[in-house]
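Open the model in your viewer and keep the sequence panel beside it. The tour below goes from stop to stop, saying what to select and what is found there.

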Amino acid sequence: MNYKILNDQFNNMLTSESANILKYVEFNSSPFKHPLDYEEIKESLLGSYDISLAKDYFAYTKDSTLSRFLQDIKKLFVNSPYIPNEDYFLDSVYVDYSDGSSNIVKIEAAVNQILNTKSVSAIIKGDRGSGKTASTLVYLYRNHEELYEKNIIWLRCDLHKLYNAWMISDSGLDNLITLGEYKELFIVYSICKHANDSERKEIYELVKLIKRNDREFGIVAKAKHTYLTDVSLYEQIQKTNEDIIRFEGPDSSRSFLLDEWIKHAQFKQNESRRQIKNARYLYNALLESINTLNWQLLLFFDGCDNVDINKRRNFFLYQKFLSELHPQLYRDTKNSPVYTVVLLRPRTYEELLEKHPNVLQDHKDSIPFVATLRTPCCEAVTNERFKYIRKIGLLNNLHDETHYRSISKAITTMLEQIKEDPSSLRRRQAINHNIRDFLFNRLSLISVLAYVSGINGKIKENHENYINPDSWNKRNKFLNGRLFSDSKTEGIATAEPGSIYFNIFFAKPNGNKWNGFIFLRIYQVLKRLSTALESECTTILSTLFDYDNDLVKESLEICETYGLIHFLPKSNENEDSEQYVVLNEKFNYLIEETFKDADVMYYLALDTYLPSALIESEYFRAHNNNVNEKSHYNEVMPFTATLFMKFLCIQDKLEREGLHGKLTTLIEKMQHLSIDDTDFVLPIKQVQGQIPVFKRIITSIGHTSEQKRREFNKIIES
């Protein structure tokens with residue numbers, strides 16, 4: 001094959017304004033479909049295995065040893081809860097700054113501020129992956145004794161549980177349990193659960209003091225009662241403790257009874273309402289005693305941002321959350337013993353102020369103390385956890401068993417590669433949600449391979465090379481515990497679109513309009529302008545490319561969620577001022593990786609809505625992921641990737657038709673705008689006259705038969 005001739009032909013395909021548009025207009029006249037709507041493509045990528053069974057396979061077979069091991073190693077990549085009086089691994093691997101930017105010092109300052117002033121709450125701001133949760137847990141580990149000596153009880157409340165209860169409820173928004181009610185139930189549950197737990201000695205000591213200074217308060221003794229019956233506070237604490245133990249068993253990590261309270265809080269049945277009412281009566285009695293005994297309660301609200309607001313119901317729930325979080329930040333009375341620290345992303349904080357623009361005027365004397373955390377270096381975070389895994393010998397235990405030696409080697413190889421390749425690590429962080437997602441994906445891949453191998457009896461001493469994450473990563477680069485990329489469905493696929501690899505083309509079409517370039521156009525606008533008002537982005541994209549205003553707004557939200565852009569805070573002096581949209585370096589990484597890698601293009605082709613006529617053409621195919629058969633990757637990737645790129649080129653030309661005239665009209669209205677036609681070309685780079693993405697395709701097709709190479713020439717020349 002003559003590479004130069006093919007490279008020139010490919011370059012002409014990308015740059016020629018007279019490309020064969022008419023042929024692809026025919027493709028666009030067919031309805032848009034997703035490649036995985038086609039069973040043949042889906043079965044090829046699944047490899048004949050139902051990967052969703054992998055988790056259950058380990059749980060219910062003799063391979064539960066491996067399942068436990070994978071769970072143990074995954075715990076080292078998450079922020080597992082801190083249990084007082086136990087060694088805490090997170091403190092051993094925690095990465096902080098030694099200068100004035102120390103995140104632990106910032107949290108200490110926030111806590112000291114609210115305890116000393118006795119009138120404000122604190123907000124800890126930090127981007128996704130900045131270590132809000134990890135820093136809080138390490139702070140509690142290091143300061144647990146000091147807090148105890150000051151008669152301070154700390155509790156960490158995960159508000160994601162409240163979100164979950166809201167989402168699964170059939171009740172209307174007005175009937176759902178409120179955030180304030182959830183806080184009260186959580187405090188009651190936590191104190192009663194640990195009432196006799198000497199490991200939580202601050203709660204244990206408080207309950208002993210309550211016993212010595214017992215008091216009575218009223219509860220509804222029976223469902224049919226309309227009056228209150230006085231009971232002992234200490235005895236009611238012990239009774240609730242017994243209910244928790246009876247309902248949950250000895251496992252202290254469970255919170256089943258709290259979950260039941262939340263689930264039934266919106267129900268109208270007498271018994272359910274009675275239990276909730278009594279828990280709230282108990283809450284008020286507890287607070288009075290805590291206050292009288294000169295104790296304090298430090299409550300950390302975490303998980304505030306863990307909701308997908310792009311779904312309609314979730315959006316309204318998020319707005320409900322913002323409305324109900326607001327009063328928790330401003331203490332109604334200086335006599336309350338509860339002090340609140342809220343962990344938020346910057347955008348959530350700004351939306352909270354936006355929803356309550358008069359907040360500063362209404363609460364001048366109780367403005368929350370705000371601290372902003374600094375995101376630690378991802379290489380340092382990963383290396384510390386890698387060293388810890390080696391230090392505790394977790395892999396050694398698995399490696400000692402012949403049956404699992406190949407998996408042990410695979411994990412060791414994976415960790416070594418992460419440790420030794422920081423530049424690759426940065427790219428992986430750029431294209432995954434964050435580095436933790438990437439590590440999870442790799443570990444999930446290993447468990448899937450072990451499952452596929454196990455059901456075929458392949459895990460044996462002499463099969464070390466069988467479970468090779470590198471070779472499997474080449475078969476399917478962006479895995480999330482499954483063997484095919486699919487950002488259009490949930491469940492086995494992924495909870496959020498693009499979380500395996502952010503597919504910039506995944507936007508759903510609207511009728512006969514293909515919206516797959518919306519994220520690229522956002523990038524191109526911000527690349528040229530660096531910073532732009534939200535309204536400017538919307539006006540530019542709707543005017544130049546006919547994108548729906550709601551689609552632009554939703555897409556900006558998605559970009560912000562994945563860390564591709566950020567919003568500059570609004571000015572507090574001008575309530576009507578708009579937020580500015582700013583391009584992040586991560587977006588540059590993503591675009592560069594997408595358009596220079598043929599394998600990326602291939603997988604995105606299989607995960608993008610396309611004209612059905614294109615998918616049904618004879619050269620649009622998927623490789624075979626059956627581990628016992630040849631993948632035929634080199635025989636299908638060049639064809640599918642090239643067809644996809646030709647489609648993108650033609651779609652780009654169609655979308656930019658009449659662009660110059662639209663730009664002229666736009667600039668007349670926005671005279672400060674500095675933008676032109678050249679800002680919107682496809683970002684496919686050339687290096688010394690060669691196109692990297694095509695070089696990979698040519699290398700791949702060079703490993704196939706002469707017949708395949710002739711067929712490929714036809715694709716290029718057509």
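This is a predicted model: local features need pLDDT of at least 70, side-chain atom pairs count only at pLDDT 80 or more; totals for chains, interfaces and linings use all residues.

A residue counts as buried when its relative accessible area is under 20%.

**The whole chain**

Show the protein chain as a cartoon. Its secondary structure comes to 33 helices and 12 strands. Of the 718 residues in the protein chain, 55% are buried. Now consider contacts between residues at least 6 apart in sequence: 76% of these join residues at least 24 apart.

**Aromatic pairs**

Next, colour the aromatic rings. The count comes to 25 aromatic pairs. Select tyrosine 163 together with phenylalanine 321; these two form a tilted aromatic pair, with 5.4 Å centre to centre and 45° between the planes.

Move to phenylalanine 545 and tyrosine 547. They also form a tilted pair, 6.1 Å centre to centre and with 45° between the planes. Phenylalanine 545 counts as buried because its relative accessibility is 2%. Tyrosine 547 is at 2% relative accessibility and counts as buried as well.

The charged end of arginine 521 sits over the ring of phenylalanine 545, 4.6 Å from the ring centre. For another such arrangement, select arginine 374 and tyrosine 97: here the charged end of arginine 374 sits over the ring of tyrosine 97, 3.8 Å from its centre.

To finish with the rings, select Tyr82, Tyr88, Phe89, Tyr141, Trp154 and Tyr388, which form one aromatic cluster.

**Phenylalanine 519**

Select phenylalanine 519, which is in helix H24 (residues 518–529). Is phenylalanine 519 buried or exposed? Its relative accessibility is 1%, so phenylalanine 519 counts as buried. Show its surroundings: leaving aside neighbours within four places in sequence, its contacts are Phe502, Ile504, Phe506, Ala507, Ser555, Ile558, Cys559 and Phe587.

**Two helix pairs**

Two packed helices are described by the angle between their axes and the distance between the axes. Select helix H28 (residues 598–605) and helix H30 (residues 633–655), whose axes come within 8 Å and cross at roughly 75°. That angle makes H28 roughly perpendicular to H30. Show the side chains where they meet: H28 contributes Ala598, Asp599, Met601, Tyr602, Tyr603, Leu604 and Ala605, while H30 contributes Tyr633, Val636, Met637, Thr640, Ala641, Phe644, Met645 and Leu648. By class, this contact of H28 with H30 has 13 nonpolar residues, one polar and one charged.

For the last stop, select helix H32 (residues 692–701) and helix H33 (residues 706–717). Their axes are 10 Å apart, and the helices pack at an angle of about 150°. H32 and H33 are therefore roughly antiparallel to each other. Phe694, Ile697, Ile698 and Ile701 in H32 meet Lys708, Arg709, Phe712 and Ile716 in H33. The residues of this contact of H32 with H33 divide into six nonpolar, no polar and two charged.

Technical notes. Residues are numbered from 1 along each chain as its sequence is written. Side-chain values use heavy atoms; hydrogens and water are left out. Helices (H or I, at least four residues) and strands (E, at least two) are DSSP runs, numbered from the N terminus. Buried means under 20% relative accessible area, exposed over 50%, partly exposed in between (1.4 Å probe, protein chains only). Contact means heavy atoms within 4.5 Å. Axes are lines fitted to C-alpha atoms, for helices over the stretch in contact, and angles run from 0 to 180 degrees between N-to-C directions. Angles under 35 degrees count as roughly parallel, over 145 as roughly antiparallel, 65 to 115 as roughly perpendicular and the rest as oblique. Ala, Val, Leu, Ile, Met, Phe, Trp, Tyr, Cys and Pro count as nonpolar, Asp, Glu, Lys and Arg as charged, and the others, Gly among them, as polar. Rings of Phe, Tyr and Trp (its six-membered ring) pair if their centres lie within 6.5 Å; planes under 30 degrees apart count as stacked, over 60 as edge-to-face and the rest as tilted. A charge sits over a ring if NZ of Lys or CZ of Arg is within 6 Å of the ring centre and within 35 degrees of the ring normal.
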